[in-house]
Amino acid sequence: MEISQDSLSLDLSQQKVTFYQYEDSSDYPDAILELYTPLGNQVFRPGKVPFEFNIKNFPFEEQSAERFLLFNILNGGDPAGFRTPIFQRQLEEGSYRVVAYLVDEEGLALKNFGNYVDRDFQVGDSRPFPYSAEPYLAVNLPRNNQIVDADHELIIDFLVVGGDMKLDGLKVRIEVGEFSYEIDHMAPVRVANLLPGTYQVQISLLRNDGKELEGPFSSVTKSIIVR
């Protein structure tokens, strides 16, 4: 995978921590992920909630036996992988927002229009989320408490859902401990040469003027361990 020239380096104890941007993946630009169930703001009883997807222009059946290709994020949490497009999840009462997406051979989220889908629904006696037209984040990588080998890069992979970063004047700020980096488009970012230790990774969606968005999923924090 090609890496762009744009990078940021900071020195700490003679250790150069560097942020690199990956080029956008061109895999499966025509892949389409459709969500049949749940419907928008559909209400379910607590317990097993059904999910049904339809996948087009993507080799799901051929490759899903070997690895997870379909991922779901509920309410900004860690992704859960699935090998079939129809399944159930055990859910308690509450309001939920699901973001579903497909991944390429490297496990990175496909980022073209139609590659991912989002939907709000309720379980039990719960009110829908307040309406908001603001875009928000879905973070594929890293996962919470992920262990990263000190000899390898930390990969940060995200989606901006419900908006267009260029048209809406948005950027994403990535903070890894005291290091920070900003990117104005959806592309995986890697962080090289982190010293061993525990880091808080905060990924925030901002306006170009630096103002933070106010939605509940406009900022995501993960803890990682480098060793």
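**Close-up views of a predicted model**

View 1. The volume of the largest cavity comes to about 50 Å³.

**View 2. Strands around the cavity.** Three strands, β6 (70-74), β9 and β11 (136-141), each supply at least two residues of the lining of the largest cavity. The top contributor is β11, which gives 3 residues.

View 3. Is R97 buried or exposed? R97 counts as buried because its relative accessible area is 14%, under the 20% cut-off. Its side chain makes a polar contact with the side chain of D120, at 2.7 Å. Leaving aside neighbours within four places in sequence, R97 also touches other residues, including I73, L74, N75, Y136 and F217.

**View 4. In the nonpolar core.** The largest nonpolar core has 67 residues, and F121, V172, V176 and L194 touch the most other members. Take V176: apart from neighbours within four places in sequence, its contacts include F19, L154, I156, V191 and L194.

**View 5. How confident is the prediction?** On average the chain has a pLDDT of 92, and 93% of the residues score at least 70. Over residues 1-5, though, the pLDDT is below 50, and this stretch has 13 contacts in the model beyond near neighbours in sequence. Residues 7-14 also have a pLDDT below 50, with 21 contacts beyond near neighbours in sequence.

Terms used
Residues numbered from 1 in each chain as written. Predicted model: local features only at pLDDT ≥ 70, side-chain atom pairs only at ≥ 80, totals over all residues. Heavy atoms only, no water. Buried < 20%, exposed > 50% of the residue type's maximum accessible area, 1.4 Å probe, protein only. Polar contact = N/O pair within 3.5 Å; in protein donor to acceptor, adjacent residues only side chain to side chain. Contact = heavy atoms within 4.5 Å. pLDDT = per-residue confidence, 0-100. Core = buried A, V, L, I, M, F, W, Y, C linked by side-chain atoms within 4.5 Å. 1 Å grid on protein atoms, 1.4 Å probe; cavity = no way out; pocket = protein on both sides within 12 Å on 5 of 7 lines; lining within 4 Å. Points joined across faces, edges and corners; volume = space filled by probe spheres on them. Helix = DSSP H or I, 4+ residues; strand = E, 2+ residues; numbered from the N terminus.
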